[in-house]
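Dear colleague,

I am passing on the structure we spoke about, and below it I have set out what was found. Please have it open while you read.

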Amino acid sequence: MAEAPEEHSSGFVDKDLAELPPHKVMEAAGTLLQSLTAPARIAIIVQLQHRPCCVHELVAALNIPQPAVSQHLRVLKNAGVVKSTRRGREHEYSLVDEHLSEIVNDALCHAEEILHHRFL
């Protein structure tokens with residue numbers, strides 16, 4: 001005879017459900033994903049995949065005003081996506097690690113697939 005699922009106040013729950021990570025880890029993941037919601041931030045990450053850049057280089061590459069680039073970099077830095085290193089009078093920005101590159105590249109690839117199928 002099959003064992004009955006465990007009963008909870010919200011009804012029956014399947015025992016085969018995944019165990020969730022700790023709440024703090026899910027909050028950190030949410031913050032990280034929120035930092036990727038702006039197209040300009042995705043563009044910054046794409047640029048930083050190739051090499052570290054200073055703000056003025058990102059301004060030129062992305063054609064976005066310097067205050068906006070600085071604000072986006074601040075969001076990415078606070079989320080732990082980028083880090084900065086002082087180079088004389090400037091700060092050079094780079095990705096903290098390659099995990100974010102993979103997430104962004106996968107998202108871009110998936111978005112291309114969605115657009116391709118939508119407009120067939």
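Which side chain meets that of glutamate 57 in a salt bridge? Bearing in mind that this is a predicted model, the partner is arginine 51, and the N to O distance in this pair is 3.0 Å. Glutamate 57 has a relative accessible area of 24% and is partly exposed, and arginine 51, with a relative accessible area of 44%, is likewise partly exposed. Side chains of opposite charge can pair when their charged atoms come close.

The structure holds 2 salt bridges, and one of them joins arginine 87 to glutamate 92, whose closest N and O atoms lie 3.1 Å apart. Arginine 87 also counts as partly exposed, its relative accessibility being 48%.

The other finding concerns two helices, H2, which covers residues 39–50, and H4, which covers residues 66–78. Their axes come within 10 Å of each other and cross at roughly 80°; because angles of 65 to 115 degrees count as roughly perpendicular, H2 and H4 are described as roughly perpendicular to each other. On the H2 side the contact is made by Ala40, Arg41, Ile44 and Ile45, while H4 contributes Val69, His72, Leu73, Val75 and Leu76.

Methods:
Residues are numbered from 1 along each chain as its sequence is written. This is a predicted model: local features need pLDDT of at least 70, side-chain atom pairs count only at pLDDT 80 or more; totals for chains, interfaces and linings use all residues. Side-chain values use heavy atoms; hydrogens and water are left out. Axes are lines fitted to C-alpha atoms, for helices over the stretch in contact, and angles run from 0 to 180 degrees between N-to-C directions. Helices (H or I, at least four residues) and strands (E, at least two) are DSSP runs, numbered from the N terminus. Angles under 35 degrees count as roughly parallel, over 145 as roughly antiparallel, 65 to 115 as roughly perpendicular and the rest as oblique. Contact means heavy atoms within 4.5 Å. A salt bridge is a side-chain nitrogen of Lys or Arg within 4 Å of a carboxyl oxygen of Asp or Glu. Buried means under 20% relative accessible area, exposed over 50%, partly exposed in between (1.4 Å probe, protein chains only).
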